Amino acid sequence: MTVQHDTRTRPELAAALRESVYLPTMTLGAYQRRIAEAGPLLPSLLDFERPGADAALRALADTVTEFDSDGTGRGDSYRRAQRTTMVRWTGMRQILRLASPPASSHAGTVLDVLGGDGTIARAVSRAADATLGHMSVLTGDVSGTMVERALEQGLPAVRQSADFLFLRDGAVDATLLAYGTHHIAPRDRPAAVAEAVRVTRAGGRVLLHDFDESSPMARFFTEVVHPCSTAGHDYRHFSRPSLTALFDGAGIPASVHDLYDPLTVTADSEERARQDMCDHLRDMYGIRAFFDGHEDIRDAWNSLVRYFDHTDYLAATRLRDPESVPSAPVIRRRGNRYVAEVPRVALLAVGRTPPRT
Ligand SMILES: C[S@@+](CC[C@H](N)C(=O)[O-])C[C@H]1O[C@@H](n2cnc3c(N)ncnc32)[C@H](O)[C@@H]1O
C-alpha cells in the first residue's frame, strides 16, 4: 500500500480544516469563532491540528448517531426528557464529588465526554451545590446535534469522539465517561480511557460510570429498550474486572465502586409522580412501544416494578448502606409532594492520573 503524506504546511492545513463541516450548521471555522466569543478559555484547551485531527474531523462529518434526532433514533425525545435536568442528580452529585476530592481548593474543569446537550453542566449550575465549588463542566459529544443544542444554551461544548479528543494534553482537572459509556464500542474503549488520561492534568481524576452486565438496568436495556426503541440497544455493558483491566491498560489503577444512581421525579400527587416518571422513561429510552403495550399507566408501572427490582442485585453489591435504598420503584410522600424513585445501581471506576515526568 502506498502511504500518501500530507505535503501541506501547517497554516495551509489549518485553513483547509477551518472549511470542513464540523456541526450540522457550522464549519470548524464558524465553531471556533463562536466559542471565541465566549472568551479565550475553551479555545485555549483545544487543538484541532494535533496529529490525526484531519482524519477525525472527516470521520465526524460522516457520523450519524441515534442521538441526533427521532428520525435517526431517539435524539429529540431524549433531549425532551433531559429538560427535567435533576432526575439523576443523586448519582451525578456523587460522581462529581469524586471527580473533585475534598482536598481540592476548587473543582476546576471537568470534561464530560458523553455529555449530550449538557445535562450534567445544567444540573451543576441548577444545584448550586457548595461542595462542588467553582466546577465548570465542558460538554463533549460525538453527535453534532447534541453539541449544537448545548452551545445554543450557552454551554461550552466540543464535538469529538471519545477515542480521539481534540483537547490538549493535561487540559482539564478531571474527565468523566458516564451515562452512556456502553455506547462506545468495546474495541474503542481502551483508546477512550487512554484519551481521558491524556487530557487530564497530573494528579487529576478519570471516572468511568456504567452498569454491570448482570444488573437490572442491563436487563432492562436488553429486554425492553432493545426491542422497543427505533434504533435498538445492542451494546455491551461492563463488569468490575473489565473496568479494572481498562484502567490498568491505560496505566492508572482504579478503584471500582457501587453507586446508587436512581431516577427521581417529584410531583403534586401520587398519580402525577407515576405518570411523570413513566413519561420520562418513555422519552429518555425512546420506548413508546413498551408503554403502548400496557393497558394503562398503573399496568406499565407494575412492569417497571418488576424490571427494576433490585432485591437480589443489592444483596451482591458493596453499597455502603443498602438498607437505605428502595429495592424496587416506589412513590413516597414528602411533605405535601410525592417522589417517584426508580432504583438503579451503577459501577463507577475512579483512577488518578500519575505525575508527568
Ligand atoms: C445516554 S446519552 C447521555 C447524554 C448525557 N450525558 C445525559 O446524561 O443526558 C449518551 C451520549 O453519548 C454520546 N456518545 C455515544 N458514543 C460516543 C462516543 N464514541 N464519543 C462521544 N460521545 C458519544 C451520544 O451521542 C449521546 O449524546
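A crossing is called right-handed if the near helix is turned clockwise from the far one, and left-handed if the near helix is turned anticlockwise by less than a right angle. Helices here are DSSP runs of H or I with at least four residues, numbered from the N terminus. The structure is a predicted model, in which local features need pLDDT of at least 70 and side-chain atom pairs count only at pLDDT 80 or more, while totals for chains, interfaces and linings use all residues. Residue numbers start from 1 along each chain as its sequence is written.

Axes are lines fitted to C-alpha atoms, for helices over the stretch in contact, with angles running from 0 to 180 degrees between N-to-C directions. H9 passes H11 in a right-handed crossing. Arg189, Pro190 and Val193 of H9 and Leu246, Phe247 and Gly249 of H11 make the contact, which requires C-beta atoms, placed from the backbone, to lie within 7 Å.

Next comes helix H12 (residues 270-285), which packs against helix H14 (residues 297-307) at an angle of about 65 degrees, with axes 10 Å apart. The two helices are therefore roughly perpendicular to each other, and H12 passes H14 in a left-handed crossing. On the H12 side, Arg274, Gln275 and Cys278 meet Ile297, Ala300 and Trp301 of H14.

Notes:
Parallel < 35°, antiparallel > 145°, perpendicular 65-115°, else oblique. Contact = placed C-beta atoms within 7 Å.
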